Every structure is written in C-alpha cells, then in structure tokens.
Amino acid sequence: MGHLRENGFEVDTKDVTSADLVAIKAKHHVPGGLEGCHTATVEGYVVEGHVPADVIVRLLEEDPEVIGVSVPGMPVGSPGMEGPNPQPYNVVTFDKEGHSEVYERR
C-alpha cells in the first residue's frame, strides 16, 4: 500500500479473513490463476495483487474495456515485493468472462 500512497493514490485498507477475500475476488470476477494477495477497486476497475502505480495510471488514462488488471502471485521485484534477484512478471488485464491478456511485461 505504501507504493500506491507514495505515488499519489489515496488508500483505504480493510483487514479481512481468507473467506472474505475469496468472496471479494468472486464478486469482482477475478479469474482463477490471476489472484494476488490484495484486491482493490480504483475508479471502477479491479486491481489485483502488486500492480505498479504507473500501470494503474495507464489503465485509467487508456480506459480499456476490461474489468481489471492483475499481477498474479507475489513476484519478487513487484511493488512491495522488492528484494534480491527480481523476477520478470506480467501485468494482465481481465474481463468479466475470465479472458485475460498481457497488458505489460516488467
């Protein structure tokens, strides 16, 4: 959350149980395999996992016909997961039907 705050986003966090998180992901149509450890909404889009702030800004500017964007899992090198030996990772968009597409490679 610090990464988003540092990049100008107002962040309201809520601690939830694992069961609540499963329900939240289902409510927002996060496809299996694209789950991350955090789920957020920003201006009508779902933001799943450790998505870089500049990608969220790009998403809002481009306004594609998707419901969300995800960084699946917790790849080392993504925001909040800094560490030695960063891994390349994909930022993926998804729609309500569960279709996904690579939006950006990092």
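Helices (H or I, at least four residues) and strands (E, at least two) are DSSP runs, numbered from the N terminus. The model is predicted, so local features need pLDDT of at least 70 and side-chain atom pairs count only at pLDDT 80 or more, while totals for chains, interfaces and linings use all residues. Residues are numbered from 1 along each chain as its sequence is written, and side-chain values use heavy atoms, with hydrogens and water left out.

**First stop: a residue in β2**

Select Tyr-45, which belongs to strand β2. Is Tyr-45 buried or exposed? With a relative accessibility of 6%, Tyr-45 counts as buried; the term buried means under 20% relative accessible area, exposed means over 50%, and partly exposed lies in between (1.4 Å probe, protein chains only). Now display its contacts, where contact means heavy atoms within 4.5 Å. Neighbours within four places in sequence aside, Tyr-45 is in contact with Ala-40, Leu-59, Leu-60, Asp-63, Pro-64, Val-66, Ile-67 and Gly-68. Gly-68 is 23 residues from Tyr-45 along the chain, yet their C-alpha atoms are separated by 5.0 Å.

**Second stop: the sheet**

Next, colour the strands. They form an open sheet of 5 strands in the order β1-β2-β3-β4-β5, with mixed pairing; two strands pair if DSSP finds at least two bridges between them. β1 (39-42) and β5 (100-105) stand at the edges with a single partner strand each, so one side of each has no neighbour in the sheet. On average, neighbouring strands of this sheet are turned by 25° against each other, direction ignored. For such angles, axes are lines fitted to C-alpha atoms, for helices over the stretch in contact, and angles run from 0 to 180 degrees between N-to-C directions.

Strands of a sheet pair through backbone hydrogen bonds, either parallel or antiparallel.

For the antiparallel case, move to β4 (residues 90-94) and β5, which pair over 5 bridges. Which residue of β5 is the bridge partner of Thr-93? The partner is Glu-101. These two strands form a hairpin with 5 residues between them, and Gly-98 in the turn has a positive phi of about 95°.

Select residues 53-62, which make up helix α3. This helix lies across β1, β2 (45-49), β3 (68-71), β4 and β5, and runs at about 125° to β5. Its buried residues are Ala-53, Val-55, Ile-56 and Leu-59. Viewed down the axis of α3, these residues fall within an arc of 160°, so they line one face of the helix; the arc is that of the directions from the helix axis to the C-beta atoms. Among the elements that cover them are α1 (2-6), β1, β2, β3, β4 and β5. Just after α3, Asp-63 takes a positive phi of about 50°.

Arg-58 lies over the face of Tyr-103, at 3.8 Å from the ring centre; a charge sits over a ring if NZ of Lys or CZ of Arg is within 6 Å of the ring centre and within 35 degrees of the ring normal.

Turn to helix α2 (residues 18-27), which is hardly covered: of its 10 residues, the count of buried ones is 1. Although not a glycine, His-29 has a positive phi of about 60°. At a relative accessible area of 33%, His-29 is partly exposed.

Finally, select the loop between β3 and β4, where Met-74 lies. Met-74 counts as partly exposed at 45% relative accessibility. Not counting residues up to four places away in sequence, Met-74 touches Cys-37, His-50 and Met-81. Asn-85 has its place in the loop between β3 and β4 too. Asn-85 counts as exposed at 67% relative accessibility, and its phi is near 55°, a positive value in a residue other than glycine.
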